[in-house]
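The stops below go from the contact between the chains to a group of charged side chains.

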Number of protein chains: 2
Amino acid sequence: MYGLIGKMRAARGQRDAIMDVLLASTGAMPGCLSYVIARDPADADAIWVTEVWTDAASHKASLQLPEVQAAIAKARPIIAGFEFQVETHPAGGFGLAAVKNE
Amino acid sequence: MYGLIGKMRAARGQRDAIMDVLLASTGAMPGCLSYVIARDPADADAIWVTEVWTDAASHKASLQLPEVQAAIAKARPIIAGFEFQVETHPAGGFGLAAVKNE
């Protein structure tokens with residue numbers, strides 16, 4: 001599996017607007033096992049996104065999905081930057097969506 | 001919801017042993033919506049754990065579960081330390097387990 005943990009910084013006061021875009025655009029995507037969008041309670045403009053994919057290729061392909069492209073276009077102007085991102089290799093745990101064999 | 005993102009450092013060469021303990025002990029826990037255990041591909045002794053709970057109380061209560069206590073006892077001697085931990089307030093996304101109403 002392939003994972004990403006990232007911290008995004010919203011333009012001042014725009015966190016909820018970005019959260020709305022992300023939440024509205026996040027549904028089942030091919031190869032996506034988990035995608036969690038969270039506020040940072042200690043940092044008013046920060047958003048944490050944690051992702052698990054079957055592999056890096058699935059994640060890369062998702063960036064071309066029309067709904068993801070639309071979300072990126074909407075959110076980009078109100079994102080101040082990305083402060084932290086780490087790739088991970090998830091091994092298991094609880095709550096990972098089953099992958100459809102298709 | 002209540003989330004945690006943490007980076008744990010294994011004693012040198014003990015990462016897989018810790019992963020085995022964590023993976024074996026992680027099943028359905030009351031209030032747990034997601035619990036993902038991952039290797040850091042860029043840091044040979046590092047483990048990332050990302051968690052989503054219904055609330056902070058569920059997470060706190062989980063630490064008293066017998067299987068969690070047993071895992072902590074097994075892993076503690078081979079954990080070198082915790083380098084990073086942030087609390088989050090997950091708002092939604094994809095792949096969060098349904099919560100049983102009980």
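Which residue of E2(B) does A:Pro90 stand opposite? Select A:Pro90 and look across to chain B: the residue opposite is B:Ala38. This is a predicted model, in which local features need pLDDT of at least 70 and side-chain atom pairs count only at pLDDT 80 or more, while totals for chains, interfaces and linings use all residues. Residues are numbered from 1 along each chain as its sequence is written, chains are lettered from A in the order in which they are written, and side-chain values use heavy atoms, without hydrogens and water.

**Stop 1: the strands across the interface**

Select E4(A) together with residues 32-39 of chain B, which form strand E2. Helices (H or I, at least four residues) and strands (E, at least two) are DSSP runs, numbered from the N terminus. The two strands pair in the antiparallel sense over five bridges; pairing requires that DSSP finds at least two bridges.

**Stop 2: the whole interface**

Now show both chains. Contact (heavy atoms within 4.5 Å) involves 32 residues of chain A and 32 residues of chain B. The chains bury about 2,400 Å² between them, 71% of it on carbon and sulfur atoms; this is the accessible area (1.4 Å probe) lost on being put together, summed over both. On chain A, helix H1 (15-25) and strands E2 (32-39), E3 (46-53) and E4 (79-94) each supply at least two residues of the side that touches chain B. E4(A) gives the largest share, ten residues. There are zero salt bridges between chain A and chain B, a salt bridge being a side-chain nitrogen of Lys or Arg within 4 Å of a carboxyl oxygen of Asp or Glu.

**Stop 3**

Select A:Lys7 in strand E1 (residues 2-10) of chain A. At 14% relative accessibility, A:Lys7 counts as buried (under 20%; exposed is over 50%, partly exposed in between, with a 1.4 Å probe and protein chains only). A:Lys7 forms a salt bridge with A:Glu83 (3.7 Å, N to O), a residue of strand E4 that lies 76 residues away. A:Glu83 is partly exposed, at 44%.

**Stop 4: A:Arg9 and A:Asp43**

A:Arg9 lies in strand E1 and A:Asp43 in the loop between E2 and E3, so the pair ties together parts 34 residues apart in sequence.

Key: Buried area is the accessible area (1.4 Å probe) that two parts lose on being put together, summed over both.
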